[in-house]
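Work through the exercises below with the model open. Each solution goes step by step.

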Amino acid sequence: MTDQAVESDDVTETAADPGPRFLGRRRELAELRSDIERAGLDTLSGRKAPRARVLLIAGRPGTGRTALAGELLRQIGDRYPDGALRVRLSAADATPVPTERVARELLDALELPAPPGESADDLTERLREGLALRRVVLFLDDAQDAEQVDPLLPDTPDCLVVAVSAGPLTGIPDVRPCTLGGLDTKSALELLTRHTGSVRITCDPRSAESLVELCGAEPAALELAGGWLAARPKESVADLAKQLHAQDGEGPALARVFRHAYAALPGPAARILRYLALAPDGHVDPHTASALAGCSVSAAQTTLDDFVTLGLVRAVGSALPQYEVPGCLVPLLRGLTETQDRPGEVQLARARMLERTVRLLTSCRAITEPDGSPARRKLAGLPSALRFKDPATAAEWLRVRRPALLAAARLAVADGELDTLARRLMAALSRALVAHRGTEAAAPDLYGIHRMVLDVAERRDLPRERAAALLNLADLDARTGRTREALARYRAALDAGRAARDPYATGRAMESVGGAYQELADWQRAADWYGRALAQRLARGERADAARLHGRIAVAHTYAGRYGEALRSWRSAVAGYRKQGDVPAQARALSELARVQEYAGRPEESLRTCQEAVEWARQADDVRLQAALQLRLADTLERLGDPAAAKLHRGAAERMLGEELTVEAKPSEQAADACEIRSASTED
């Protein structure tokens with residue numbers, strides 16, 4: 001697998017840059033490299049190390065922790081041929097990322113299955129099993145405690161874990177932290193020189209050294225100071241040092257330099273910068289900044305590019321303009337927002353951002369619709385900034401922005417005051433994911449979205465939406481084999497549907513309860529619940545659904561060996577499809593009726609029904625079903641002692657589908673499980 005991109009949450013040396021661009025930290029790098037080979041406690045006691053070696057880089061945000069880890073990975077990358085995986089364990093607001101989400105991200109990077117809704121323990125077990133067969137470096141950025149790191153550790157000494165944290169990871173054995181402070185003076189001056197050029201530094205080396213001292217030699221503070229000087233070529237290093245010296249003693253070095261850089265911004269730019277603290281998980285694009293600040297998209301992008309030069313945000317490598325707010329600056333920006341903006345203005349900015357996101361997601365899905373469709377006509381009426389050129393561009397935007405979009409949904413739900421927008425956002429996000437990625441690929445994301453919908457529905461007492469969310473979650477549970485969990489959710493959805501007086505949700509839930517019992521091989525309960533759903537469909541005059549349910553009841557009876565009841569149900573299904581004029585469904589139902597007649601020991605009746613089904617399948621132009629029925633006719637004729645006729649029918653089937661046809665066509669949805677019956681019938 002290819003190495004995953006290493007990104008930094010600090011404004012510091014870019015970890016993905018080539019080695020010569022990385023400054024200083026030679027002693028720390030040497031210590032970390034030697035620590036890889038150091039004999040651990042297990043080795044000293046004569047035992048083989050049961051887990052991967054853990055290297056810890058500790059320091060405050062802004063000290064270049066992530067950049068140092070990235071440089072270490074670059075230097076040792078050739079030792080780990082399966083690459084490096086990087087994941088952040090803390091969100092932009094410093095809240096821990098759930099282990100389930102972290103494990104899922106790593107499994108996706110390894111291209112290993114991560115079924116939707118699976119527990120954190122099961123996912124971490126899958127992760128350890130996958131890592132046991134690989135030789136990788138696992139980069140855990142911004143860990144808060146040992147409880148976050150421990151479940152992710154590979155159970156093999158062939159892997160390496162590099163963790164970044166503000167302090168020690170007490171509880172993980174045999175870990176020696178590499179604690180970071182400021183850069184050495186030479187490296188700090190070189191970092192400044194990158195921004196200012198060499199002239200201003202060499203002309204006044206003492207002022208440059210004083211500036212380094214005022215910045216605490218911290219890379220993040222030096223980046224801001226260098227960006228300020230780069231934007232003001234006529235200002236001297238001494239001028240900046242003097243201005244910062246006047247603030248000496250007013251908080252940490254990074255906070256002082258940031259306040260100075262912020263104070264120099266024009267009012268509109270300062271407002272945009274403050275509101276970047278509201279961006280989902282620190283991920284920003286021009287649309288997000290535009291909506292937050294209430295300005296045009298072009299003005300927002302120009303301002304963001306200026307912020308990159310000033311060291312206030314970092315451009316993220318992508319085909320689309322994307323930016324990231326450094327993690328060390330997020331608390332400072334939040335502090336400014338709390339003190340300089342009224343709560344109503346902040347909430348309005350959040351609402352504008354969510355509304356813009358909903359419109360972009362709607363456009364992203366609409367571009368996949370056919371030309372001339374209502375969605376495409378509506379799309380044509382949107383401003384050009386909200387439209388995508390083609391489906392490929394929309395899909396790329398969705399891929400790049402997916403983490404931010406999911407984070408936006410989580411923030412909107414957690415806010416609690418923007419639930420209407422949150423519901424619209426989650427609906428639009430679900431549709432866009434399905435349109436571009438398909439239901440199967442999007443299932444893990446959809447599971448999380450449906451859980452958030454359920455949270456909002458329960459908080460706002462919305463039984464209709466609660467029923468829909470429970471049905472969607474139960475469907476995903478059932479699809480991944482968690483049938484009992486699905487059954488509990490289907491029953492809860494039934495209660496919610498009844499409370500909402502929603503006949504669709506009620507009928508769907510009853511039918512799904514029956515399907516869950518059928519999956520659990522409880523045929524009696526399955527038939528009973530299908531019967532309840534059938535009664536509702538008949539009462540509402542929904543004849544097509546009623547015919548389908550007759551088929552599902554027949555399947556349950558067939559599995560239970562109650563062939564007499566199964567035959568009656570299939571005849572009812574055939575009659576229902578005939579009344580509806582659904583010829584293909586009628587042919588398939590006759591096919592299943594013939595199958596059950598054969599199970600029940602009635603080969604002559606099965607032969608006649610099968611011949612009738614062939615005629616209806618021919619009218620429906622269903623070649624595969626015709627071939628399957630011809631094969632069934634051949635088998636029945638052989639059992640009745642007519643091998644010559646059987647050979648003719650088998651030859652007809654082969655001519656229809658070719659010699660590769662060796663099995664029957666897939667049966668209809670309502671009879672998909674009625675293929676193998678092991679029990680014998682005592683009924684006629």
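Buried means under 20% relative accessible area, exposed over 50%, partly exposed in between (1.4 Å probe, protein chains only). The model is predicted: local features need pLDDT of at least 70, side-chain atom pairs count only at pLDDT 80 or more, and totals for chains, interfaces and linings use all residues. Residues are numbered from 1 along each chain as its sequence is written, and side-chain values use heavy atoms, without hydrogens and water.

**Exercise 1.** State how many of the residues, in percent, count as buried in the chain.

Solution. The chain has 684 residues. Of these, 52% count as buried.

**Exercise 2.** Describe helix 21 and its packing.

Solution. Helices are DSSP runs (H or I, at least four residues), numbered from the N terminus. Helix 21 spans residues 463-479, 17 residues in total. Its buried residues include Leu470, Leu473 and Asp477. They pack against helix 20 (419-460), helix 22 (483-500) and helix 23 (503-519). Just after helix 21, Gly481 takes a positive phi of about 90°.

**Exercise 3.** Find how helix 27 and helix 29 are oriented to each other.

Solution. Take the angle first. Helix 27 (residues 583-599) and helix 29 (residues 623-639) pack at about 20°, with axes 11 Å apart. Axes are lines fitted to C-alpha atoms, for helices over the stretch in contact, and angles run from 0 to 180 degrees between N-to-C directions. Angles under 35 degrees count as roughly parallel, so helix 27 and helix 29 are roughly parallel. Now the contact (heavy atoms within 4.5 Å). Among its residues are Arg588 and Glu592 of helix 27, and Leu629 and Arg632 of helix 29.

Terms used:
Helix = DSSP H or I, 4+ residues; strand = E, 2+ residues; numbered from the N terminus. Expected span 1.5 Å × (residues − 1). Parallel < 35°, antiparallel > 145°, perpendicular 65-115°, else oblique.
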